[in-house]
Structures are given as structure tokens and as C-alpha cells.
Amino acid sequence: MIDERSGAWDQHLARWRRGATPRGELASDPALQARVLAAELSLLVDSATNYAIYMLDADGAVAIWNKGAERIKGWTEDEILGRHCSIFYPPEEAAAGKCTEDLERAAALGRIEEEGWRVRKDGSEFLASIAITAFRDADGTLAGFGKVLRDITDERAAEQAAEAREAQLSAILATVPDAMIVIDDRGLIQSASSGAERMFGYSEAELIGRNVRLLMPSPDRERHDGYVARYLATGERRIVGSTRRVIGLRKDGSTFPHELAVGEAFGGGQRLFTGFLRDLTEREATQSRLDALQAELIHVSRVSAMGAMASTLAHELNQPIAAVANYVEASRDLLADPDAAQVATVREALGDAAAEAMRAGQIVRRLRDFVARGEVGRRVEDLPSVIREAVALGLVGARGDGVELALDLDPQAGAVLIDRIQIQQVLVNLFRNAVEATAREPKRRLEVTTRLDGSDRVRVTVADNGPGLAPEIAAELFRAFRSTKQEGMGLGLSICRTIVEAHGGRIWAEPRDGGGTRFGFTLMRAEREDEGAR
């Protein structure tokens, strides 16, 4: 009978393995059914290789041991059956009776779960997640314990590493002055750094879950949801992946400029946008102060230049004023006993006096305009007229000293976008330098040329036939406090460079063919209205 049942058992097990166990036959043999069920359960338990599943008797000795327990802990079933569970605990816990204490708690509560350190056969320790369940007979007698254990050493190490990285990132973001705000694809704020709290005046708790348009003034506040919707629909990047200057709105209602860079990321099946913000208030205030100081320095330089030319200007003004005085005195004498011929002569003399007075007035007007502080503003100007006015001011008295002027002004290089007075300041400085450079030449020559420089630039050249520049001087010519003159401060050409670069151009010096020096600078070309109409 035993042999028959054993043979039937083997047949049923083989059929089960093939997935064709006839359950009708098992129903007629309860003992065989129990054995098949036990075998199926054993196969199921052994297949859970990532879990150590084993049973202890009521005294804590190992009674059942699965393949997962063998893999995780290192003992084979033959080595561990009958051994007390304290073998799995670190020595200090085993000596303290923790195994027995855990079983007593499980017996009292029915089931306990915990994480703790356990020991492998080779003595190494690992962190485990453990569940202990007490088993009782029908009459309530304690039959033993089932233990399910999982090695979570790597899992907890990864979690701790992630937590450490998160803590490190949070610490960095807390100390970085820039702000970071994360929103979802609906524009709702998911997180805000401490920098964002300082920048906008809200706490993170006040911001989370609210639409980011809260931090924008009109009209961006009303438009932002449309920006996001358009990007989600088209994928066209106008803001994402770029940096731009925008205006932010603080909790107290004040606005401020800031730089915004937006990045996109996907996490957990969710699209997120991260904005990095940098407050530009202090930078722009500093730049505004620097611009004001630069404008004042440029103005002082113009006044200083006119101071250096004071004697020449006085001489130039003295000529028309003396002429006016002479014409008026002559007219007075002629009118003492006038006749028709004398009246005609007086009329002509008064006309000449008026012309000389107008000449003196033009000199004074140019001087006044040149040294006036005024607002710095760029507009489209006619470059030839700007140059001619600068010639009239910068070459005061030079023509009488034998300086020959040659103007070669390209009509195509006429309209430029400039601050008229500042560019005249550059020209006057270059003219005066050229006059001084040719002081010892028997034939003094000054050449002013304009040409197109590409499609969007105009090149202005001022050349002289002086002795030229030594290479070591030319290398530092445009640096502040570098001068070739004993009485000079070395600021003139430095300020010229500042003005030209502020206009989007560049300035340089190079040897002139045939001797002398050629200074060149570029300006932004502008289109005249009549040119744009064609």
C-alpha cells in the first residue's frame, strides 16, 4: 500500500510539474492531496530566492530552511536545521538574548516587523527587513514561528546616499543667492529654494501649489498660462533653454528686474520646468551709477580740453570782435558828416560787422554745445556735418599755423547712430593730437576720411604726417594714464576708446603710409529715411 501511494505520489508530482495534475484524483486521496500541497508549497517557498523564508519551532530552533535563506545567509539546510536562531544575531545581541526576546514579542503580538543587523555564516553582517509570525494549533498552543527576511543593505545605502545628496543640494541651494523655482506643466509651483523665499518675500509653504504667475506683474501675469500652453502644444522653444531679463513681483507689491533661465525635465511621468533666477537690482543700480560717472568723466574731459585750448579760442574770438569794433568805429566817423556815398559805405561796414559778430557767435555756440553736460542720447546723425563742426572747433587757430586739412567723406557713409557731442569729442581729441604731432613738420597735413566698413559699420580715419608712434607706446596708447606728452594726464585716448566702444565700435592706431600715424574708429551705420523708402 505504501509503495502504491509512493508511486502514485511520484506520478502526481510529475504531472504537476508538467502543469497537468488531475485534481479529481487528488480529491479522492486526502493524504496524497496533503503531500502534493506540501510539495507545491515547498517549491513556491524555494522559488523566492530574494527572501529568506524559514520556520522555527516553539523553542527557536530552525525547522524549515528555503533556498533564499541559504543564498542570503550562507548556511545549507543540513548545516542549519536544529540550530538556535540566536546564531543569526550579532554577538552582542545574541548574548543579550534578543532572539528569545523577539520570539516572545511575536508570540504575544502575533506578528512583528523590524529592521536590524544580522550575521551570515562567514561572519559578515547585513541590514535586514524581518517579519516574524507566531503559529498556533487549533487549541491555541504555540507551534512555532515563521520568519521572512530580506537583505536591504544596498537598498538602504542607496536611500542614504540619495538623502545625503538631497541634503547637500538643499544646503547648496540655501546658501546660493540665486533662486530656484520648480513648476509643473500647469504652471503650479512644486518647490522653491530659500533664495526664492528671500527674493520674493514668500515662504515655500505659501508658494507650493499656487500658479507661478503670482510672481509676475502685468502683462506677463495674464499671458503666462498661454505661453505654457503654446509650448506644450507646439514644442516651440521661446523661453525654455534660454536666458532673458524679466520683471518679478514681490509679496509686498514691489517689482524688480531679474535674469531668468528655464530648463525642462521629466520625472515620475511628470513634466517639470525649473527656473533659475538672479536678482539684477544691485547690478543694474551699479551699472547706472557707473554710466553716470562715465558721463561725468567724459564731460569733464571736454571741459578740460577746452581749457587747454583757451588761449587759442581767445585769439580766435578776438579776431571777429576786433573786426566788429573797427567796423563800428569807422561807421561812427563816417556818420559825423554823411553824404550819400558815405552812407553806402557805412551800410557795407555794418553788414561786415554783423557777419563778424555771427562768426563769433558760432564759435561761442559750438563751444557751449561741446562743453554742455546734457543728456546722453543716440540718434541718427549726418556724419559729414558732425565732422565739419568738429573741424571748426578742433582746428581753431590751426589753419593759421599752416595745417593743411584734406576731407575725403564718402556720401554712402553719411548716416550713423551716435551721440553727436560725444563723437565730436573723439574727433576733437584726435584733431588736436594730430596738430600737436605735426608741430615740427615743415609741411603739416591732416587727413580725415570716411568709408563703409561692411554692411553695418562706418569707418572714420584721422591721419597726420607727424613722426609716428614707437611700438612700445602704440601698444598701451589707449590705456588710462598713458601719455606721450609731458603735461598730459593720459586720459584723452582712454576716454575716446570708452566712447567708441559704448557706441558698439572699436578704435585703433596704425602707421600711416609715408610716415605719421593713422587713427581709425568704427560707428554703427544707420539708414536714412529716404534710403529706407527706396
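Visitor: Is E404 buried, partly exposed or exposed?

Guide: This is a predicted model, in which local features need pLDDT of at least 70, side-chain atom pairs count only at pLDDT 80 or more, and totals for chains, interfaces and linings use all residues. Residues are numbered from 1 along each chain as its sequence is written, and side-chain values use heavy atoms, with hydrogens and water left out. Buried means under 20% relative accessible area, exposed over 50%, and partly exposed in between (1.4 Å probe, protein chains only). Because the relative accessibility of E404 is 34%, the residue counts as partly exposed.

Visitor: Which residue meets E404 in a salt bridge?

Guide: Side chains of opposite charge can pair when their charged atoms come close. A salt bridge is a side-chain nitrogen of Lys or Arg within 4 Å of a carboxyl oxygen of Asp or Glu. At 2.7 Å, N to O, the partner of E404 is R445.

Visitor: How many residues apart are E404 and R445?

Guide: Helices (H or I, at least four residues) and strands (E, at least two) are DSSP runs, numbered from the N terminus. E404 lies in strand β12 (residues 403–409) and R445 in strand β14 (residues 444–452). The pair links distant parts of the chain, and the separation is 41 residues.

Visitor: In which helix do R156 and E159 both lie?

Guide: The side chains of R156 and E159 form a salt bridge at 3.1 Å, N to O. They are three residues apart, about one turn of the helix, and that helix, covering residues 153–175, is α8.

Visitor: How many salt bridges does this rule give?

Guide: One network of salt bridges links E93, K98, D102, R105, E114 and R118. By the rule, the count of salt bridges is 31.
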